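Hi,

Here is the model I promised to pass on to you. Have a look at it first, and then read on for my notes on what turned up.

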Amino acid sequence: MAVAAATETGARPSRAGRRLSTPAWVGTVPFLAYVAIFLVWPTGIVVVDALKNPNGAWAFSNITELGNPLVRGYFIGSFKLCLLSSLLGAVFGAILAYAVASGDPDGTVRRLYLAVSGVLAQFGGVTLAFAFLALIGPVGLLFHASWFYSFPWGITVIYTYFQIPLMVLVFLPAIDGLKVQWREASENLGASAWQYWRHVGGPLLAPAFLGGLLLLFANALSAFATIIAWENQIAYIVPQQISTALSSEVGLSNVNVADLLALGMVIMVAIVMTGYALLQRRAARWLR
Amino acid sequence: MAALTSVGETPLTAPAGRPSGMQARRRKRLNMFRYVVFTVFGLFFLLPLLAMVRFSLEGAKLGTWSVTAWKQIASYSGTGIPPLISSIEITLELAVITCVVMLVLLVPTMIWVRLRVQWLARTMEFLCLLPLTIPAIVLVVGLGAIYNKIQHYSLSALMLFWVYVILALPYAYRALAAGLSAIDVTTLSEAARSLGASWFSVMVRVIAPNMRQAILNAVLLTAALVLGEFTIAYLLLYNNLQVELYSISRNTPNAGVLFSTSVAALLFGFALLMILSYAGRRRRGRG
Amino acid sequence: MRSTYRLALAGAAAAALLAAGCSSSGSSSSSGNGTSSAANWATETSASGGGGMNALVAAAKKEGTLNVIALPPTWANYGAILSAFTAKYGIKINSALPDGTSQQEVNAVKTESGTAKAPDVLDVGLAVALANTSLFAPYQVSTWSDIPTAQKEASGLWYEDYGGYMAVGYSSKFGTITSLNDLLSSKFKNAVALNGNPTSANAALNGVMMANLAQGGTASDISKGVSFFQKLKTAGNFSPVSATGATIKAGTTPVVFNWDYLNLPSYVGVSNWKVFIPQNAVLGGFYAQAINKTAPHPAAARLWEEFLYSQAANGGQNLWLQGGARPVEQAAMKSNGSINATAAGKLPSVTGSPVFLTQAQNTDAANYLAANWAKAVG
């Protein structure tokens, strides 16, 4: 069959003038089609609806809504929460990753912490909010602290609970890539630990660290379940406001506003993820 | 940058032999540092979990103990909604289906792209990273129309797998890409082909076994994602584990079963990961 | 061979679909074999028009299933109502999204229209009912004349079902509250919560409005309510945490603004729970029933409404009463003696005439909150 003819490996001589051969990229069609239907098309719907009116007419002026101080407030709130939780997560995650990496590579501690990180990185939502409510409430294990209830402090601490494990998972390969020989070489040349980190280790780890930071930022931005389970009386961040725009029962529901906020989020995350992709390519070069 | 650390993977470089003098001092300081770090972080992660365990063992009156909440995992049922155990079943089934479809979709495509369609590699990487860029809450707004069509064929919550595979793409792709880059796909496939193997055989019998650790890793990350997914199921009005837990939390004063189910899910995931971590180690030894 | 690969992929996908279809537990697509009677009932505007109650019951039983949405079991005794309906008629009820808002009910009707999963009946706040009448089918229950005129839509598109007054529920460890200003004292640190976000949830908006009225404001201007909560926040007494039965039990939210029927000790699950309704701020709110125009089970939907408005001892109206909510036919039931007197006696007594928000007042309040709530208490 013609299909077989096109799947020749490089070992066979190439034919001049392909006849009836399906190009190789056809093999990727199932994947591309799947992604197109379930990812690209829904996103397209959201983007298009963001620029429409409730009655279906085009309304490009909707974009100016993003400049509305109320809306800006939600984005600023999201930004604050995401920045704080990703900074804390990145720094502490890096420290924890270093502690894990510098131990026995085959040991139980490393396996334990990796397993815990794998589980906790996805542990969020209702159960996490509840764990902290159980911890903090007056009858919980700790007395409740007022600062915990003010935005963004409490929710930031909750977010770091899954940010730190994610950072460990993402940053560990980078630390593993730091060869022992480099450390030994720098010591042979008389460098102190501080100098090693400042001139060798630091710059090597920097792209991976920043990449991890950006990934954590994007992760925090999309988080939804945790914050609505924790506090739902005030909308601080964009996902909460999207939820209000979709399900408000006092007449403030507006799908187009929800789509517009979603569009804003997509733009914000796209900027972050582009930075991540660029940094991550830089880091890969060093670790090869 | 290398992929997410796979659970069973160990770094290639081993630490140096018995240190002495300055290295011994450094080693001691390092160990001190490690103990402090592990204790502090251990506490941070452990405390909320302990609080959950404590509340899961809480009796009807505060201060008494009882294992009712744990027994309720199997028996809890609200009026009109399917029992808790059925949402657990559905979520587990969803995890399995999502993993299978994800592997069937990604592994052949990635191998194919690696071998024959390299110019699509960047695009594929971009597409696989895209779900991270598009938050679930955004995606679900656009998915309404598609799921309406799907619901004409099947009302089961298992239909969520279509979108869960998309959500798992970034994590699974990274894990599989790490595995693929560690082996010489071209040589292996050429050798197999020259011995007369079909493409199916090449993928399933030659390349995939060499990627076992990466595949395990991808499966694990996908399963963890499905077990914890809330937003899309909630907004598409399906009933999975997290949605049911949310419902219980909003409507029941005796939320003990909420805590016991969460602790059980966490322990399950943790046990799975530890097993896989030790299972993967044996493979690695053979290189 | 690529064809093998494609075949394998297709096979896997088909297997997955098949597995999914075979193990579709829960919702049955048994939407009636009686096609002719189903089509009839979808347009009937009363039981008598379709051939009487017996015909309705028979048709509903044939359909066998009812889809409801956003009915928490502990909300106004809905758990008992759902069980009673199934016990009486043998019709299975699928209760989706128990924690949903009225708008989510409407969204579900729109996005699931044409599937067997779409909600058959709705229980929504007035604002949402008024805005979505195009989705409803007109129907008048047998006891239609017992519903006050002001509380129903003339042709039967929607009709109010039960309601209550906005109250403050609190743990008795605080003593007794006699005025809302008591909440500003320091013993209520981090203690006071609403039931949701006022820009999103009906109950929360009415909570702020009740505070507004108690502080001397009028129903058309909610600003005094917002400033009350701002004062609470400045005093450090406002807790933004989601108040649920579990947080009340754990003591994290010991003071909650909520409808009186949701502040029953049995609902919140703590025995030392008290309820306070300010004398000068009796704010009432009713919810409304409606039938989905494209309901997958039209006869079951109509039977459900008949059940809810039945004045029997074990009918909907009395069951709601037992849940601490005031049924809409309460006045008529008192005069014809069908009311459950014990349950009626347990309702919190109020002094002062109740205020009900009009549509315009509701909208103004919502708009004011949209612009000022986050700023005031955030």
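In chain B, the C-alpha centres of domain 1 and domain 2 lie 29 Å apart. Before I go further, please keep in mind that this is a predicted model. The two domains of chain B cover residues 22-72 for domain 1 and 83-286 for domain 2. Where they meet, ten residues of domain 1 of chain B are in contact with seven residues of domain 2 of chain B. On the domain 1 side of that contact, the elements giving two or more residues are helix H1 (22-56) and helix H2 (68-75) of chain B. By class, this side of domain 1 of chain B holds six nonpolar residues, three polar and one charged.

Chain C is also assigned two domains, each made of two segments: domain 1 takes 35-161 + 286-345, and domain 2 takes 164-284 + 350-377. The C-alpha centres of domain 1 and domain 2 of chain C are separated by 29 Å. Twelve residues of domain 1 of chain C are in contact with eleven residues of domain 2 of chain C. The domain 1 side of this contact in chain C comprises five nonpolar, six polar and one charged residues.

**How the chains meet**

Next, the contacts of chain A. With chain B, 77 residues of chain A are in contact with 76 residues of chain B. Which element of chain A gives the largest share of the side that touches chain B? That is helix H12 (residues 255-287) of chain A, with 13 residues. The side of chain A that touches chain B is made up of 55 nonpolar, 17 polar and five charged residues.

With chain C, 35 residues of chain A are in contact with 43 residues of chain C. Several helices of chain C supply at least two residues each to the side that touches chain A, among them H1 (2-22), H5 (102-111), H7 (202-214) and H15 (359-377). H15(C) gives the most to that side, with eight residues. The side of chain C that touches chain A has 20 nonpolar residues, 22 polar and one charged.

Chain A has twelve helices and zero strands. Of its 288 residues, 52% count as buried. Among contacts in chain A with a separation of 6 or more, 75% are between residues 24 or more positions apart.

The largest nonpolar core has 304 residues, and those with the most contacts inside it are Ala97(A), Phe171(A), Leu160(B), Ala172(B) and Leu176(B). Helix H3 (residues 84-116) of chain B gives the most to this core, with 18 residues. As background, nonpolar side chains tend to be buried together in soluble globular proteins.

**Chain C and a covered strand**

Chain C contains 15 helices and eleven strands. Of the 378 residues of chain C, 54% count as buried. For contacts in chain C between residues at least 6 apart in sequence, 73% join residues at least 24 apart.

One strand there is worth a look. Strand E7 (residues 255-259) of chain C is mostly covered, with five of its five residues buried. Strand E5 (residues 159-171) of chain C runs antiparallel to E7(C), and five bridges join them. Strand E6 (residues 192-193) of chain C runs parallel to E7(C), and two bridges join that pair. Val255(C) in E7(C) is the bridge partner of Tyr170(C), and Val255(C) is the bridge partner of Val192(C) as well.

**One residue in chain B**

Finally, back to chain B. Arg212(B) lies in helix H9 (residues 212-228) of chain B. Is Arg212(B) buried or partly exposed? Arg212(B) counts as partly exposed because 15 other C-beta atoms lie within 10 Å, and a residue needs 20 or more to be buried. Arg212(B) and Tyr278(B) are 66 residues apart along the chain, and their C-alpha atoms are separated by 13 Å.

Best wishes, and happy browsing!

Key
Residues are numbered from 1 along each chain as its sequence is written. Chains are lettered from A and ligands numbered from 1 in the order in which they are written. This is a predicted model: local features need pLDDT of at least 70, side-chain atom pairs count only at pLDDT 80 or more; totals for chains, interfaces and linings use all residues. Two residues are in contact if their C-beta atoms, placed from the backbone, lie within 7 Å. Helices (H or I, at least four residues) and strands (E, at least two) are DSSP runs, numbered from the N terminus. Ala, Val, Leu, Ile, Met, Phe, Trp, Tyr, Cys and Pro count as nonpolar, Asp, Glu, Lys and Arg as charged, and the others, Gly among them, as polar. A residue is buried if 20 or more other C-beta atoms lie within 10 Å of its own, exposed if 12 or fewer, and partly exposed in between; C-beta atoms are placed from the backbone. Two strands pair if DSSP finds at least two bridges between them. Domain bounds come from an automatic or database domain assignment. A nonpolar core is a set of buried Ala, Val, Leu, Ile, Met, Phe, Trp, Tyr and Cys residues joined through C-beta atoms within 7 Å.
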